[in-house]
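Colleague: I am new to this structure, and I would like to know what stands behind the words used to describe it. Could we go through them one at a time?

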Amino acid sequence: MALDTKSLPSSLSLDSKQTHLSNLNIIAEMSEEHSEDERFANKADNEEGFPKMAWTDSSESSNDFRSDIFTRPTLPMLEAIVHTTLGDCTADEDKTTVSFQEYIANLVGHESALLVMSGTMGNQVALRTILHSPPHAILADHRGHIVTLEGGGAASICGAIVKGIVPSNGHHLTLNDIKEQTILRETVFDCPTRVISLENTLNGTIMPLADMRAISTWARAQNPPIHMHLDGARLWEAATAGACKLSEVGQYFDSIQMCLTKGLGAPLGSVITGTSTFIKRAKWSRHLLGGGIRSSGIITAPARVAIESVFFGGKLRWAHDKAKRATEVWLSLGGKVRFPTETNMVWLDLPASGVDRDDFYAAGRDLNLKISNSLFVGRLVFHYQISDAALGRLCEVFRIVLGSRAATNGE
């Protein structure tokens, strides 16, 4: 039904009326003219038959191998937002958020939890909460997120030295690695180790539960005890792979950060867990970094849906299976990998495979695949919305670049 300018307020200018009228008519046409085919074009993601919209269409993420942060939120998450509470997070007045924080704390066996805006904020809030006055040092894997991807936050916010450790086994940190690098002395020449920050998963690989336990037992036996922090942004992936249960992990850490977007597909947010005393103080740190917000239910309501439908719904396993199938194809064609494929990440070793980096990414673009070629060369990250068609095109890219290499070498 077309609208005319007579239906608009007389206070609007003629130009404003025409612009407003154009927008209203476009909206009216969109609501009236969707054909049956258009309404059900995306039925796989939209069983209710809603007009195609971002919340019901995962096509933009179906070919995106850059990161699992590109997992798209879904319509049930939007529905949760519509029905959520709109209380104040800082004052602990939002019932949905309070319930969600209790839910997460129970999952990992901790007393309390706290909503934060991102994984980086979660790690930095946790570190700022425990590190009061320098000198102090943090030990972490040299590839870890707090070492390489958080803008030097621990140094600028906490005044801490972050000491990156290269795992002696080439895979994950062990107790011997930690012991060799820990500073327990407190002379005027030393920067004592106050935090051990582990990451699981890291680069898609799993730190065994036994190693987390051994490091934690030793760290807590020191005087003073060394705080154990876990960057568990992708702990969901380790649990999905069967390496641990969430409830088993909490006992070995004083604080844990878990991301709600990577792989799970919640619109935003992370959460940190710990004792009630730790979380009480962490609220100050969160407030300092601008993380106290209003109407926080719009974050925690869809996050609860994401955990229940994606993690407990078994969808993360879909990504693991596709990642392993892609790895098998790459290896069968003579390619090499930098790390084993244990969860949802594949690390192609392009130089060792004799594949030119630019050729690889050009082939990916030609087949309409989104692949990171900046920070993480050769990294492919799978999430549950990656389609079979995209996986097939990725394997075709493998055949193209490895076949070109063989032709060049006269094989």
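**Terms and the values behind them**

Modeller: P224 lies in the loop between helix 9 (209-220) and strand 5 (227-231), where helices (H or I, at least four residues) and strands (E, at least two) are DSSP runs numbered from the N terminus. This is a predicted model, in which local features need pLDDT of at least 70 and side-chain atom pairs count only at pLDDT 80 or more, while totals for chains, interfaces and linings use all residues. Residues are numbered from 1 along each chain as its sequence is written, and side-chain values use heavy atoms, with hydrogens and water left out.

Colleague: What makes the peptide bond from N223 to P224 cis?

Modeller: Its omega is near 0°. The bond from P134 to P135 is also cis, with omega near 5°, and P135 is placed in the loop between helix 5 (119-130) and strand 2 (137-141). Most peptide bonds are trans.

Colleague: Why does D92 count as partly exposed?

Modeller: Buried means under 20% relative accessible area, exposed means over 50%, and partly exposed is in between (1.4 Å probe, protein chains only); D92 has 36% relative accessibility, and therefore counts as partly exposed. S295, at 24%, counts as partly exposed too.

Colleague: What is the phi of D92, which is not a glycine?

Modeller: D92 has a positive phi of about 55°, and lies in the loop between helix 3 (75-82) and helix 4 (95-108). For S295, also a residue other than glycine, phi is near 50°. Most residues other than glycine have a negative phi.

Colleague: How do you know that the span of helix 14 agrees with its number of residues?

Modeller: The expected span is 1.5 Å times one less than the number of residues, so the 17 residues of helix 14 (residues 316-332) should span 24 Å, and the end C-alpha atoms are 25 Å apart, which agrees. The buried residues of this helix are L316, A319, H320, K322, A323, A326, T327 and W330. They cover an arc of only 165° around the axis, which puts them on the same side of helix 14; the arc is that of the directions from the helix axis to the C-beta atoms. On the other side, E328 and S332 are exposed.

Colleague: What makes a set of residues a nonpolar core?

Modeller: The set consists of buried Ala, Val, Leu, Ile, Met, Phe, Trp, Tyr and Cys residues joined through side-chain atoms within 4.5 Å. The largest such core here has 60 residues, of which L198, W236 and I307 touch the most other members. Apart from it lies another core of 25 residues, including V346 and L369.
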